[in-house]
Amino acid sequence: MATGGPGLESLVDQQISVITNDGRNIVGVLKGFDQATNIILDESHERVFSTKEGVQQLVLGLYIIRGDNIVVGELDEELDSNLDLSKLRAHPLKPVIH
Amino acid sequence: MLFFSYFKDLVGKEVTVELKNDLAIRGTLHSVDQYLNIKLENTRVVDQDKYPHMLSVRNCFIRGSVVRYVQLPTEGVDIDLLHDATRREARGG
């Protein structure tokens with residue numbers, strides 16, 4: 001196994017949703033990665049969940065996320081369009097405790 | 001190397017991965033690598049109401065460093081095989 005992850009190659013140019021160590025959710029297009037799972041995310045925006053209001057989206061642009069901060073690199077499918085983000089209420093994710 | 005080989009044999013089984021941020025994800029083990037990064041297919045979060053963050057996700061990649069537990073199906077575990085393998089590893093290591 002030479003590459004970062006059991007095949008992050010298959011996710012390149014796809015929209016993914018990254019959960020970070022501090023509990024943030026960042027969605028964007030995977031442009032690149034390396035063996036340490038550092039990733040390059042284009043057209044990224046952060047989804048802020050709260051129990052009081054619907055999901056907030058903050059536009060970020062082109063981002064590099066360091067590998068040791070990545071919890072889950074999800075494969076976002078078009079199911080995403082079925083979600084009504086303004087109606088979602090949730091507690092923010094917890095940060096990672098090692 | 002032992003657990004890497006062990007997980008390779010579990011590919012195709014249903015597992016639940018509990019992460020260090022308390023999130024628990026159930027899915028079919030698709031692949032694993034030398035860092036024990038895990039790729040799951042057909043995923044659903046265990047407590048979907050509490051964690052709607054992954055509602056539109058069916059497949060995911062989980063970095064090995066954030067895994068707390070990997071819950072396995074009991075039928076999928078050959079305890080004697082594991083005992084032998086661990087003994088061999090302990091002797092050689």
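These legends describe close-up views of a predicted model.

**View 1. The interface between chain B and chain A.**
Chain B contributes 30 residues to the contact, and chain A contributes 37 residues. How much area is buried between chain B and chain A? The figure is about 2900 Å². Carbon and sulfur atoms give 59% of that area. Interface size is often quoted in this way, as accessible area lost when the parts come together.

One salt bridge is found across the interface. B:Asp22 forms a salt bridge with A:Lys94. Their closest N and O atoms are 2.2 Å apart. Between chain B and chain A, eleven residue pairs are in polar contact, with both residues of a pair at pLDDT 80 or more.

**View 2. The side of chain B that touches chain A.**
Which strands of chain B each supply at least two residues to this side? They are strand E2 (24-32) and strand E4 (57-62). E4(B) gives the most, with six residues. By class, this side of chain B has 15 nonpolar residues, eight polar and seven charged.

**View 3. The largest pocket, lined by residues of chain B.**
The pocket has a volume of about 190 Å³. Its lining includes B:Leu2, B:Ser5, B:Tyr6 and B:Asp9. B:Leu10, B:Gly76 and B:Asp78 also line the pocket. B:Leu81, B:Leu82 and B:Ala85 complete the list. Two elements of chain B give two or more residues each to this lining: helix H1 (2-9) and helix H2 (79-92). Which element gives the most? H1(B) does, with four residues. The lining divides into six nonpolar, two polar and two charged residues.

How many cavities of 30 Å³ or more does a search of the whole structure find? The search finds one. The largest cavity holds about 40 Å³ of space. By class, the lining has seven nonpolar residues, two polar and no charged.

Key:
Residues numbered from 1 in each chain as written. Chains lettered and ligands numbered in written order. Predicted model: local features only at pLDDT ≥ 70, side-chain atom pairs only at ≥ 80, totals over all residues. Heavy atoms only, no water. 1 Å grid on protein atoms, 1.4 Å probe; cavity = no way out; pocket = protein on both sides within 12 Å on 5 of 7 lines; lining within 4 Å. Points joined across faces, edges and corners; volume = space filled by probe spheres on them. Nonpolar A, V, L, I, M, F, W, Y, C, P; charged D, E, K, R; others polar. Contact = heavy atoms within 4.5 Å. Buried area = accessible area lost by both parts, 1.4 Å probe. Salt bridge = Lys/Arg side-chain N within 4 Å of Asp/Glu carboxyl O. Polar contact = N/O pair within 3.5 Å; in protein donor to acceptor, adjacent residues only side chain to side chain.
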